[in-house]
Amino acid sequence: MDFNALVAAMSAETYQNLVECVATKRWADGTVMSDAQHAHSMQLVMAYQAKVLRSDEPFTVGADGQMVVKSKSEMKKQFAGAAAPAPATMDAIARFSHDDL
C-alpha cells in the first residue's frame, strides 16, 4: 500500500490513537516506541493533518506539505472574528482597580 493510500484509509479513531502514541512515545499497551517507529508515526500524523483534516491552525502542516505558520497579527484577526464583538474601548480581558484586589 502506498503512503497516500494509507493516510486516506486511516480512520479518525486510529489518528487519535496515533497522536497519543506519538505524544507519549509509547504504544497503547505501554510498550516504548523505537526511534524509527516514533518518526514514522509522526510522519503519519502530520500527513493525516495535512491531507485529511486540512487544518489552518498555526504551526501545522498544510495540504501542500509546507508548515502553516501564522503571524501574531493574523492570529489576532482570526480570533477577533471568532469572538463575540466587544466594545471598541475594551482591549483587555478584565480590568481591576487597586481597591478591587
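This is a short chat about a predicted model of one protein chain.

Me: What should I know about the model before I start?
Reply: It is predicted, so local features need pLDDT of at least 70 and side-chain atom pairs count only at pLDDT 80 or more, while totals for chains, interfaces and linings use all residues. Residues are numbered from 1 along each chain as its sequence is written, and side-chain values use heavy atoms, with hydrogens and water left out.

Me: How many helices and strands does the chain have?
Reply: Four helices and two strands. Helices (H or I, at least four residues) and strands (E, at least two) are DSSP runs, numbered from the N terminus.

Me: Which order do they come in?
Reply: From the N terminus on, the elements run α-α-α-β-β-α.

Me: How much of the chain is buried?
Reply: Of the 101 residues, 19% are buried. Buried means under 20% relative accessible area, exposed over 50%, and partly exposed in between (1.4 Å probe, protein chains only).

Me: And what is the accessible surface of the chain?
Reply: About 7,900 Å². Carbon and sulfur atoms account for 58% of that surface. Areas come from the Shrake-Rupley method with a 1.4 Å probe; for residues, only the protein chains shown count as cover.

Me: Let's go to α3. What are its length and reach?
Reply: Helix α3 has 19 residues. It covers residues 35-53. From first C-alpha to last, α3 reaches 26 Å, close to the expected 27 Å. That expected span is 1.5 Å times one less than the number of residues.

Me: Which α3 residues are buried?
Reply: His38, Ser41, Leu44, Val45, Ala47, Tyr48 and Ala50.

Me: Take Ser41. Buried how far, and what does it touch?
Reply: Ser41 has a relative accessible area of 5%. Leaving aside neighbours within four places in sequence, Ser41 is in contact with Leu18, Val22, Trp27 and Met33. Contact means heavy atoms within 4.5 Å.

Me: What about His38?
Reply: His38 is buried too, because its relative accessible area is 15%. His38 touches Val22, Lys25 and Met33, not counting residues up to four places away in sequence. Val22 and Met33 are also on the list for Ser41.

Me: What follows α3?
Reply: Arg54, whose phi is positive, near 45 degrees.

Me: New topic. Which residues make up the largest nonpolar core?
Reply: Nine residues: Val7, Met10, Tyr15, Leu18, Val22, Leu44, Val45, Ala47 and Tyr48. A nonpolar core is a set of buried Ala, Val, Leu, Ile, Met, Phe, Trp, Tyr and Cys residues joined through side-chain atoms within 4.5 Å.

Me: Which elements give two or more residues to this core?
Reply: α2 (12-24) and α3. α3 gives the most, with four residues.

Me: What does Tyr48 touch?
Reply: Val7, Met10, Ser11, Ala12, Tyr15 and Leu53, not counting residues up to four places away in sequence.

Me: How many salt bridges are there?
Reply: One. Asp35 forms a salt bridge with Lys25, with the closest N and O atoms 3.1 Å apart. A salt bridge is a side-chain nitrogen of Lys or Arg within 4 Å of a carboxyl oxygen of Asp or Glu.

Me: What does the pair tie together?
Reply: Asp35 lies in helix α3 and Lys25 in the loop between α2 and α3, so the pair ties together parts that are ten residues apart in sequence.

Me: How exposed are the two partners?
Reply: Asp35 is exposed, with a relative accessible area of 59%. Lys25 is partly exposed at 32%.

Me: What is phi like at Lys25?
Reply: Positive, near 60 degrees, in a residue other than glycine.

Me: Last one. Which residues form a nonpolar patch on the surface?
Reply: Met1, Phe3 and Leu6, with about 350 Å² of accessible area together. Patches are made of residues with over 30% relative accessible area and no salt bridge; like charges are joined within 9 Å, nonpolar side chains (Val, Leu, Ile, Met, Phe, Trp, Tyr) within 5 Å. Leu6 lies in helix α1 (residues 3-9). Leu6 is partly exposed, at 36%.
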